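Please read them with the structure open.

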Amino acid sequence: EVYFKNLSKQKQKEVMEKNENNHKLRVCVATCNRADYSKLAPIMFGIKAEPQFFELDVVVLGSHLIDDYGNTYRMIEQDDFDIHTRLHTIVRGEDEAAMVESVGLALVKLPDVLNRLKPDIMIVHGDRFDALALATSAALMNIRILHIEGGEVSGTIDDSIRHAITKLAHYHVCCTRSAEQHLIAMCEDHDRILLAGCPSYDKLLSAKNKDYMSVIRMWLGEDVKTRDYIVALQHPVTTDIKHSIKMFELTLDALISFNKRTLVLFPNVDAGSKEMVRVMRKKGIEHHPNFRAVKHVPFDQFIQLVAHAGCMIGNSSCGVREVGAFGTPVINLGTRQTGRETGENVLHVRDADTQDKILHALQLQFGKQYPCSKIYGDGNAVPRILKFLKSIDLKEPLQKKFCFPPVKDNISQDIDHILETQSALAVDLGGTNLRVAIVSMKGEIVKKYTQLNPKTYEDRLELILKMCVEAASEAVNVNCRILGVGVSTGGRVNAREGIVLHSTKLIQEWSSVDLRTPISDALHLPVWVDNDGNCAALAERKFGHGKGIENFVTLITGTGIGGGIVHQHELIHGSSFCAAELGHIVVSLDGPECLCGSQGCIEAYASGIALQREAKKLHDEDLLLVEGMSMKKEEVVSAAHLIQAAKLGNAKADSILRTAGMALGLGVVNILHTMNPSLVILSGVLASHYVNTVKDVINRQALSSVKTVDVVVSNLADPALLGAASLVLDYTTRRIY
């Protein structure tokens, strides 16, 4: 401890001898509610156990004396402490004005009590408005104040109250190294700060109740098992009462949906608590078979309940502090504990604005077991505090000294951060290139890798695994949590099994290939595989024009013609995984031959390969090039040359393009008459050249009932990779926030 490093052993010995010779240190411990008593009780027991050094006076006030909050002063009597004074200081109303009036009433009553007791030092705990009244009274009456748990950071008005008490207090007992640094940064005298740990941890870490099942059954019922119930404790947030009540309502809805036995403790006496109780009664929590609603649980029993719970949920400091000693999962809701140091067992839901988000947090946390945390103490706080009390020199002046050290920031888990960093590995297995990318939940391609696609099966699979492993390692550096791997490939794919049944002629030796197993084994991640047309449709559904559309069709116009069909928000695969082979819709019985072996398919007219074939014919007849065009001898004729010629006024090239667009348009009309989608999305490099012709064909050839369909060009830069990522992101989250 820093205090004992700075204080010489000789000085400490002299001070202790001086205090022994003069008189016992008269200590007044004032407790306001069930929560602060759990922290003060271990100190009170320690003081009582050393009557040769201390005299103890106990003052009880606040919600301890209110029946609606369990008359918790009785547990102080059961602990065999003599209560010197009971002060009724709470003005009922449970609103902001009542809190102010309660502070005022306590300030009126306390001077008489302190005049009679004349303590040498008053011990005040925490950040409650009652404690502020105690500290104010003692400071104005020149009574030394020892403040427990100063320097911590949390949300709501409690933060301001805690720091106000710090400025009034003469001595400080803090629980963590960060709290100590905060006190120093707040200009408190380093020599008057003791880093002791939380007194309640002395009891928590030594709790060895073998009969915990009787405690669980008493509060939750005979049929409840350990790790199969929830403890809920939520208080109003006085700086945003309406939102905290709404959040409490959403919490109860989520707990009802989660369908686990739950012990709900009534909120504290802060403004807004009355409305929270009304919400409980409105939802029938006190009579719900899955819930037990109680005003108070004795601390010894409460320890056993949270130690063996499947989860604790709410916004109580107990969840982020004490429960960590048992490794019990905790869901901390809202801003009331913002800034608290937490163990890895705590999952924060800062913006608990939907039931789904809270329910998702319950599904993530319930039943887990985390390592026990000792952030707030090691079980030896009370001996340190007693030693500190003995070392206080009552002849020392009360004037404070000041210093200005730096403060370290605290970093903790946050559900919004988790959701933002969820990502997928996307693999696009093309005819020429193999591409792997890290894609975020928002559709951002964080990092992309491209390699030429090897010719043989073995080399191709080896390269896929190598690139995926490299990308997964890089994901850690760019702060992305990889949820799985999605693979987009040409041909017919058994999406359920992750097997490529028959690939396109562009990818040789790629038939009946299990892609899922080797990738999953190498990365220890789930893997999804699907046809590139289906992936393009998924990309549109998640990131593009298809977002929120119930029924739509995507057509890919590239080297080949493919597509995907989304019906009632779900992708259609078909009975043999051959649905949406839109490129092979026949639009002419005596049309050109298609790569599939048939004649007159859309792909035989409108694909990049088909346009390249027609461009070569024109070039061979010396009918392709027009003024403004030139080609090198070694340059291969492509579809791009045909499109360029059409733009420069080549009538034959323009006629070929128009015929291709009409073939595609007729195919779309067939799709409209079969599926009746509300949207058709043209994707790929040729889409912009076909869209107007397709619309013209629909107006001339389609039934009037489907002519109103929207036909748009995709705005997605890389639908193959985004679609592969959508395979992962859609099926691993499956929730809307």
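1. F45 is partly exposed, with a relative accessible area of 36%. The classes used here are buried for under 20% relative accessible area, exposed for over 50%, and partly exposed in between, with a 1.4 Å probe and protein chains only. F81, by contrast, counts as buried at 4% relative accessibility. The model is predicted: local features need pLDDT of at least 70 and side-chain atom pairs count only at pLDDT 80 or more, while totals for chains, interfaces and linings use all residues. Residues are numbered from 1 along each chain as its sequence is written, and side-chain values use heavy atoms, with hydrogens and water left out.

2. Across the whole structure, a search finds 4 aromatic pairs. F45 and F81 form one that is tilted, at 4.8 Å centre to centre and 50° between the planes. Rings of Phe, Tyr and Trp (its six-membered ring) pair if their centres lie within 6.5 Å; planes under 30 degrees apart count as stacked, over 60 as edge-to-face and the rest as tilted. F45 lies in helix α3 (residues 34–48) and F81 in the loop between α4 and β3, so the pair ties together parts that are 36 residues apart in sequence. Helices (H or I, at least four residues) and strands (E, at least two) are DSSP runs, numbered from the N terminus.

3. F258 and F366 form an edge-to-face aromatic pair, with 5.3 Å centre to centre and 75° between the planes. F258 belongs to helix α11 and F366 to the loop between α15 (355–365) and α16 (381–390), so parts 108 residues apart in sequence are tied together by this pair. Both F258 and F366 are buried.

4. Which strands make up the open sheet, and in what order? There are 6, arranged as β10-β9-β8-β11-β12-β13, and the pairing is parallel. Two strands pair if DSSP finds at least two bridges between them. β10 (291–294) and β13 (346–349) are the edge strands; each has a single partner strand, so one side of each has no neighbour in the sheet. On average, neighbouring strands of this sheet are turned by 20° against each other, direction ignored. Axes are lines fitted to C-alpha atoms, for helices over the stretch in contact, and angles run from 0 to 180 degrees between N-to-C directions.

5. Within that sheet, β8 (residues 229–233) pairs with β11 (residues 311–314) in the parallel sense over 4 bridges. I230 stands opposite C311 in β11. Helix α11 (residues 241–258) packs on the sheet and touches β8, β9 (261–265), β10, β11 and β12 (330–333), with its direction at about 170° to that of β8. Contact means heavy atoms within 4.5 Å.

6. Strands β2 (residues 54–61) and β3 (residues 83–87) run parallel and are joined by 4 bridges. L61 stands opposite L87 in β3. From β2 the chain passes through helix α4 (residues 73–78) to β3, in a right-handed β-α-β crossover. Right-handed means that, with the strands pointing away from the viewer, the path from the first strand over the helix to the second runs clockwise.

7. The buried residues of helix α7 (residues 156–168) are T156, D158, D159, I161, R162, I165 and T166. They pack against α6 (129–140), β5 (144–148), β6 (171–174) and α8 (177–185).

8. UniProt lists H584, C594, C596 and C601 under "binding site" in an unreviewed entry. They span 18 residues in sequence, yet no two of their C-alpha atoms are more than 8.8 Å apart, so they gather at one spot. UniProt positions are given in the numbering used here, feature names are shortened, and annotations may be inferred rather than shown by experiment. H584 is found in the loop between β24 and α21 and is partly exposed at 29% relative accessibility. Leaving aside neighbours within four places in sequence, H584 is in contact with C594, C596, C601 and E603. C596 lies in the loop between β24 and α21 and is partly exposed, at 44%.

9. The unreviewed UniProt entry also places "binding site" at R492, T504, D532, E581, H584 and E603. E581 sits in the loop between β24 (570–571) and α21 (602–606) and, at 30% relative accessibility, is partly exposed. Apart from neighbours within four places in sequence, E581 is in contact with G491 and N531.
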